[in-house]
Amino acid sequence: MVESNLEFFHETALKVCKVISKHAKNGETFNFRTYATNYSADTVCVTNFGYNLNEVEKEQYKLLDVFEKLQAIFVKMVFHVPNHVSLLYAGLTSDGRRIKNIARSYWDLSCKILKQRIDDRKMLGEDIDAKPAFYSDVLVQRAKQDKLSWEDTGRLATDFLVAGFDTSAVTTSYIFLMLAMYPEHQAAVYQEQIDILGKDAEVSPTWEQLSKMIYLTRVIKEVIRLFGPIAIFRKLANDVDLGEYKLPKGCMALVAFSLLHRDPDIWTHPDEFYPDHFLPEEAAARPKGSYFPFSWGPRSCPGSVYAMASIKVIVSALIRNYKFETDLLFDQLEYRYSLLLEAIQGYMVRIKPRN
């Protein structure tokens with residue numbers, strides 16, 4: 001599925017190149033996060049819902065603005081609801097009601113996307129219960145079987161939509177910010193792209209060419225190490241003996257990626273941007289399980305391959321078009337909690353045309 005969508009990824013990346021060209025003309029600093037969000041949302045909608053949102057060019061749904069309002073309230077709720085009060089009741093609070101009201105725009109959009117997919121299948125003479133071609137087809141079939149309302153179906157679609165575009169968008173934003181901060185790494189990534197694809201940004205990378213982007217892969221993995229998912233909760237299916245500590249079956253364990261991925265006993269440069277962490281010899285020297293930002297086992301993220309491919313495509317296109325600069329310094333970045341660790345200052349960059 002991923003390989004068949006590479007051309008669309010590239011076409012969408014070229015749209016981003018065109019849209020941000022205005023910033024190259026006036027030389028102003030801008031927050032790349034909006035463009036990364038729109039790119040990720042467009043690719044997720046087409047490849048998983050069969051719907052061309054075209055948010056890169058139209059920017060009509062303001063997806064990032066809505067998400068930032070939601071995450072601000074949600075984080076507040078997590079840290080302010082007393083531990084003895086179940087979050088199941090959080091929806092009854094004033095903040096819980098605000099989340100529902102703000103999220104309605106996402107639910108409405110998801111329902112619109114699903115309805116359009118159903119109408120398209122009917123127009124093509126396809127049965128709604130026929131073999132699904134997109135995730136949305138599976139969702140609609142299950143909703144029909146379970147007799148879900150359109151609103152409930154839209155909420156399920158929203159979960160997938162947000163999870164699909166936001167984490168990739170944050171990662172992409174950090175990649176360009178880091179490359180802007182560290183010109184030596186940007187030069188290395190650019191040279192690798194030229195060696196593989198040439199200077200013409202119109203050239204779309206193949207699946208085989210993506211696999212050859214070794215330096216870019218190290219950069220992406222390092223960004224995820226530093227700024228990836230903060231933690232996950234897991235309910236233990238068995239007793240776990242950690243030596244000094246013993247965790248009983250049934251308890252809830254917090255796996256803190258942010259601590260694991262910056263552990264000085266594991267990483268040679270834990271608090272620095274250091275892509276060489278993922279050189280073969282460095283990786284071989286670390287114990288197994290030192291790095292798993294997409295979780296592991298049957299609960300691991302199903303979109304890891306998809307995300308890597310879509311991110312590589314947009315970096316490849318933009319880095320061949322523009323040189324990135326920034327006034328931000330790594331040591332001065334401040335963070336806030338979201339699905340990932342977000343930079344409070346934003347992802348402020350300037351661009352200059354390569355030609």
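Helices (H or I, at least four residues) and strands (E, at least two) are DSSP runs, numbered from the N terminus. This is a predicted model, in which local features need pLDDT of at least 70, side-chain atom pairs count only at pLDDT 80 or more, and totals for chains, interfaces and linings use all residues. Residues are numbered from 1 along each chain as its sequence is written, and side-chain values use heavy atoms, with hydrogens and water left out.

Start with helix H7, residues 135-146. Its twelve residues should span 16 Å at 1.5 Å a residue. The expected span is 1.5 Å times one less than the number of residues. The end C-alpha atoms of H7 lie 17 Å apart, which agrees. Part of H7 is buried (under 20% relative accessible area; exposed is over 50%, partly exposed in between; 1.4 Å probe, protein chains only). The buried residues are Ser136, Asp137, Leu139, Val140, Gln141 and Ala143. An α-helix has 3.6 residues a turn, so residues three or four places apart point the same way.

Just after H7 comes lysine 147, with a positive phi of about 55°. At 75% relative accessibility, lysine 147 is exposed.

Lysine 62 also has a positive phi, near 50°, and is a residue other than glycine. Its loop runs between helix H4 (55-58) and helix H5 (63-80). Lysine 62 is partly exposed, at 40% relative accessibility.

Now the cysteines. A disulfide is a covalent bond between the sulfur atoms of two cysteines. Here a disulfide is counted when a pair of cysteine sulfur atoms lies within 2.5 Å. The structure holds zero disulfides. For cysteine 45, the closest cysteine sulfur belongs to cysteine 111, and at 13 Å that is too far for a bond. Cysteine 45 is buried, with 0% relative accessible area. Cysteine 251 is partly exposed at 21%.

Methionine 252 is exposed, with a relative accessible area of 53%. Together with Phe233 and Leu254, Met252 forms a nonpolar surface patch of about 360 Å² accessible area. Such areas come from the Shrake-Rupley method with a 1.4 Å probe; for residues, only the protein chains shown count as cover. Patches take residues with over 30% relative accessible area and no salt bridge, joining like charges within 9 Å and nonpolar side chains (Val, Leu, Ile, Met, Phe, Trp, Tyr) within 5 Å. A salt bridge is a side-chain nitrogen of Lys or Arg within 4 Å of a carboxyl oxygen of Asp or Glu.
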